[in-house]
Amino acid sequence: MLHATLSPAPRKARKPASRRLTFIPITRGVGRLIIAAGKVLAGYWLHEIGSDIGGRGFVLEKFAGETYHVHVTGPAAAMCDCRGHEAHGHCKHADAVLTLIRLGHLPPQRPMSPAGFAALQAA
Ligand SMILES: [Zn+2]
């Protein structure tokens with residue numbers, strides 16, 4: 001007699017949606033960033049703000065409102081203040097900034113002043 005235990009079909013591992021980045025540089029340390037994850041698009045102003053504690057600081061300001069701060073501390077190390085990063089230790093904002101740096105789209109430079117950035121946003 002054959003006894004077999006039917007195990008449930010293996011759950012399909014959830015495949016993370018592939019992400020595409022579109023970066024439109026505008027001026028030093030400032031650009032528009034679109035992160036496409038699957039069918040979801042999110043657009044941001046990306047603005048380098050410098051860092052008083054070493055590394056490089058960036059603000060990602062969503063066109064629709066939320067603002068996230070990304071602190072880059074190494075070639076593959078960045079922190080973000082969004083809930084996703086807090087929960088999982090990584091997020092699309094930090095990943096996007098690291099990718100843009102790695103591809104040479106965000107060369108180190110003196111950040112633009114907040115007033116200069118505000119004027120640019122208003123233009
Ligand atoms: Zn984030």
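Two strands are taken to pair if DSSP finds at least two bridges between them. Helices (H or I, at least four residues) and strands (E, at least two) are themselves DSSP runs, numbered from the N terminus. The model is a predicted one, in which local features need pLDDT of at least 70 and side-chain atom pairs count only at pLDDT 80 or more, while totals for chains, interfaces and linings use all residues. Residues are numbered from 1 along each chain as its sequence is written.

With these terms in hand, the overall fold can be laid out. The protein chain contains three helices and six strands, arranged along the sequence as β-β-β-β-β-β-α-α-α. The six strands form an open sheet in the order β1-β2-β3-β4-β5-β6, with antiparallel pairing. Because β1 (19–27) and β6 stand at the edges, each with a single partner strand, one side of each is left without a neighbour in the sheet. From one strand to the next, the twist averages 25°; axes here are lines fitted to C-alpha atoms, for helices over the stretch in contact, and angles run from 0 to 180 degrees between N-to-C directions. Within the sheet, β3 and β4 run antiparallel and are joined by five bridges, and Tyr44 stands opposite Lys62 in β4.

Helix α2 packs on this sheet, touching β1, β2, β4, β5 and β6, and its direction makes about 50° with that of β5. A contact requires the C-beta atoms of two residues, placed from the backbone, to lie within 7 Å. A residue is buried if 20 or more other C-beta atoms lie within 10 Å of its own, exposed if 12 or fewer, and partly exposed in between, again with C-beta atoms placed from the backbone. In α2 the buried residues are Lys92, His93, Ala94, Ala96 and Val97, and their cover includes β1, β2, β4, β5, β6 and α1 (83–88). Just after α2, Gly104 adopts a positive phi of about 85°.

The interior comes next. A nonpolar core is a set of buried Ala, Val, Leu, Ile, Met, Phe, Trp, Tyr and Cys residues joined through C-beta atoms within 7 Å. The largest has 15 residues, and those with the most contacts inside it are Leu33, Leu60, Val70, Ala78, Cys80, Ala94 and Val97. Two or more residues each come from β2 (30–37), β3 (40–48), β4 (56–62), β5 (67–74), β6 (77–80) and α2 (92–102). Leaving aside neighbours within four places in sequence, Val70 is in contact with Phe58, Leu60, Ala78, Cys80, His93, Ala94 and Val97.
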